[in-house]
Amino acid sequence: MVKVVVTGIGLVSALGDSLEASWQNLIAGKSGIKLHQPFPELEAFPLGLIAEQPAPLEKLTQSVVAAALEDAGLSSPLPDCAVVIGSSRAYQAAWEKLAQQMYKSDRLSSPLHMREMENWLNTLPHMNAIAAARQIGATGSVLAPMAACATGIWAIAQATMLLQTGQYQRAIAGAVEAPITPLTLTGFQQMGALAKTGAYPFDLQREGFVLGEGAAVFVLESAALAKQRQAKIYGEVLGFSLLNDAYHGNAPEPEAKSAIASIKQCLERSCLTPEDIDYIHAHGTATQLNDRTESIAIKRVFPQKVAVSSTKGSTGHTLGASGALGVAFSLLALQNQILPPCVGLQQPEFNLSLVKTARHHHIQSALCLSFGFGGQNAVVALGK
């Protein structure tokens with residue numbers, strides 16, 4: 001089987017406008033979550049905004065793709081390169097603005113102008129991945145996965161398969177999310193899923209999740225190609241699993257059966273045992289159901305000593321991009337031998353070895369978990 005390694009990372013989050021800035025702020029225990037009111041018609045919410053106003057999807061994608069290429073020591077064009085960039089919300093912000101324009105106009109006396117409709121084809125869900133391919137001059141396969149909060153890991157898994165099967169030697173993969181829109185906020189508020197003050201994963205006083213925006217994109221290469229060009233290597237993608245609960249639209253299966261099966265399948269495919277895992281980057285949304293179910297899964301598979309943390313108390317929940325951010329932070333944990341903290345955690349509810357403050361630790365293998373609405377269970381194993 002072809003070994004797949006990560007040779008470049010581009011990342012932007014509420015914690016910082018680059019991979020290094022986000023990592024340094026994370027291990028310092030900082031949070032990018034603040035109270036914001038980006039939409040006058042809605043109340044203020046704690047949000048993980050990159051700037052003062054919601055970021056456009058296109059600019060986020062352009063910046064992280066460019067950063068990933070630079071980090072990998074590559075330059076455009078890269079024609080024989082696959083592109084796998086997902087988003088669970090895609091261009092929803094653009095669609096909401098278009099809808100506002102439509103309902104503001106009297107369509108009989110003043111129909112919607114052509115200029116307001118001329119770009120609608122560019123807002124189809126897969127067009128962000130196409131734009132990334134254009135940006136780097138890639139003429140190979142372009143995939144645009146959408147799997148709710150499991151999108152980021154799914155994108156990395158799909159790109160890994162393209163390399164493992166020999167179809168490509170290189171792929172750009174990851175996820176981008178700019179989900180802070182009036183409809184998204186209102187919808188999650190109606191569900192009772194949003195926090196009122198902040199994100200506190202696995203905490204007894206957790207309130208729900210905080211919506212965040214962000215992106216993480218990776219350069220994946222065959223180990224042979226990376227060695228040939230003497231590229232720096234962050235780590236290896238050892239294996240992955242993608243299963244689903246077949247249970248409910250937005251509630252996880254209470255006994256975590258499919259999540260446990262996905263973790264075990266990933267370990268088996270990666271030739272690892274539970275004892276081999278030194279760090280778990282948990283999904284850790286800070287909602288009542290997710291944290292409880294995820295804790296069940298971790299406790300039933302792993303020894304109690306395995307270190308666990310969620311970084312959503314720092315970045316907010318970036319939905320489809322959250323798994324990609326988790327993979328980036330896990331790779332930096334491997335590279336620096338530092339466990340990132342579970343920011344926001346004060347009083348743990350669960351008997352897990354949760355990391356409260358960053359500390360040095362021997363990390364040879366790490367696992368990153370994502371559990372999305374619809375019962376999507378995605379797991380990826382990473383090696384030093």
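This is a predicted model: local features need pLDDT of at least 70, side-chain atom pairs count only at pLDDT 80 or more; totals for chains, interfaces and linings use all residues.
Residues are numbered from 1 along each chain as its sequence is written, and side-chain values use heavy atoms, with hydrogens and water left out.

Let me begin with the sheet, where strands are DSSP runs of E of at least two residues and helices are runs of H or I of at least four, numbered from the N terminus. It is an open sheet of 11 strands with mixed pairing, in the order 5-4-6-7-1-8-15-14-9-10-12, and two strands pair if DSSP finds at least two bridges between them. Strand 5 (142-143) and strand 12 (353-354) stand at the edges with a single partner strand each, so one side of each has no neighbour in the sheet. Further in, strand 1 (residues 4-12) and strand 8 (residues 235-244) run antiparallel and are joined by three bridges, and V4 has V237 of strand 8 as its bridge partner.

Helix 9 (residues 257-269) lies across strand 8, strand 14 (365-372) and strand 15 (376-383), and runs at about 145° to strand 8; here axes are lines fitted to C-alpha atoms, for helices over the stretch in contact, and angles run from 0 to 180 degrees between N-to-C directions.

Turning to helix 12 (residues 322-336), its axis and that of helix 1 (residues 19-27) come within 11 Å and cross at roughly 75°, which makes the two roughly perpendicular, a label for angles of 65 to 115 degrees. The contact, meaning heavy atoms within 4.5 Å, involves L19, S22, W23 and L26 of helix 1 with A328, F329, L332, A333 and N336 of helix 12.

The axes of helix 6 (residues 151-164) and helix 12 come within 5 Å, crossing at roughly 65°, and these helices are therefore also roughly perpendicular. There, G152, I153 and I156 of helix 6 meet G323, A324 and V327 of helix 12.

Finally, a search of the whole structure finds three cavities of 30 Å³ or more, a cavity being a set of points on a 1 Å grid over the protein atoms alone where a 1.4 Å probe fits but cannot get out. The largest cavity has a volume of about 40 Å³, the space filled by probe spheres set on the points.

Terms used: Angles under 35 degrees count as roughly parallel, over 145 as roughly antiparallel, 65 to 115 as roughly perpendicular and the rest as oblique. On a 1 Å grid over the protein atoms alone, a cavity is a set of points where a 1.4 Å probe fits but cannot get out, and a pocket is an open set with protein on both sides within 12 Å along at least five of seven lines; lining residues have an atom within 4 Å of a point.
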